[in-house]
Amino acid sequence: MKFAKPEILSIPPDELRRVFGTEHVPQFTAKGECVNCNDRPEVRKIALSKGHLACLGKLSHGVYCKGKNEIHLMKDLTSDLKLSNYEYVAFQQLRYFGLARPVHDAPGYWLLTHLGAEFSHGRLPVREWVKVLKNHLLEDLMGRSEKKIYVHQVKGFPEWQLPEFEIIAGDVLRIPQVSPQAKLFDLKPQTA
Ligand SMILES: [Zn+2]
């Protein structure tokens with residue numbers, strides 16, 4: 001019987017050291033099991049989805065309401081913005097696309113990155129998919145799509161409200177909408 005070669009076997013040693021640390025760099029059998037601890041870590045492919053957009057929209061709205069780019073997922077995202085269990089998991093994945101990241105030294109707080117803001121405005125694209133191993137983004141070329149997509153190109157693209165703010169030098173500046181109905185449907189993507 002022939003097994004498909006586990007994807008983990010094609011990960012370069014440097015990348016494995018980065019993911020697992022130098023203490024326990026696993027060595028794998030042909031089936032992808034660590035010869036030392038029998039662990040069988042899976043490489044996961046994560047495609048940017050409308051579920052991610054829902055999370056990004058809630059983060060963005062939270063930033064707008066708070067007027068500060070520092071959002072606590074429990075304390076600041078309440079009522080309409082409250083994350084479902086599913087969204088709470090999806091939210092953590094925003095960082096793999098560079099859209100959001102935890103605030104340094106402030107547990108529970110997240111910020112919208114520059115890329116996250118530009119993506120939300122329809123001005124910059126992000127990777128269509130990424131690959132993740134043990135909560136680490138695989139950074140070499142096997143770990144992410146070459147293709148980048150704009151917000152309106154996400155599969156199942158939902159209604160998307162353009163952010164009503166810009167982040168300038170870390171400050172949240174509220175801006176009036178061009179039109180209250182302004183949706184990304186009208187936007188033409190710029191070239192990448
Ligand atoms: Zn091991």
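In what order do the elements of the protein chain run from the N terminus on? I read α-β-α-β-α-β-β-α-β-β-β-β-β-β. That is four helices and 10 strands, where helices (H or I, at least four residues) and strands (E, at least two) are DSSP runs numbered from the N terminus.

Before going on, I noted that this is a predicted model, where local features need pLDDT of at least 70, side-chain atom pairs count only at pLDDT 80 or more, and totals for chains, interfaces and linings use all residues. Residues are numbered from 1 along each chain as its sequence is written.

Next I looked at burial. Of the 192 residues, 24% count as buried (20 or more other C-beta atoms within 10 Å of the residue's own, with C-beta atoms placed from the backbone).

Then I turned to a helix pair. The axes of α2 (residues 50-66) and α3 (residues 85-92) come within 9 Å and cross at roughly 90 degrees; axes are lines fitted to C-alpha atoms, for helices over the stretch in contact, and angles run from 0 to 180 degrees between N-to-C directions. So I call α2 and α3 roughly perpendicular (65 to 115 degrees). On the α2 side G51, H52, A54 and C55 make the contact, and on the α3 side Y86, E87, A90 and F91 (C-beta atoms, placed from the backbone, within 7 Å).

Last, I checked a sheet. It is open, with three strands in the order β1-β6-β7 and antiparallel pairing (strands pair if DSSP finds at least two bridges between them). β1 (43-47) and β7 (136-137) are the edge strands. I found five bridges between β1 and β6 (residues 129-133), and A47 has W129 of β6 as its bridge partner.

Terms used
Angles under 35 degrees count as roughly parallel, over 145 as roughly antiparallel, 65 to 115 as roughly perpendicular and the rest as oblique. Two residues are in contact if their C-beta atoms, placed from the backbone, lie within 7 Å. A residue is buried if 20 or more other C-beta atoms lie within 10 Å of its own, exposed if 12 or fewer, and partly exposed in between; C-beta atoms are placed from the backbone.
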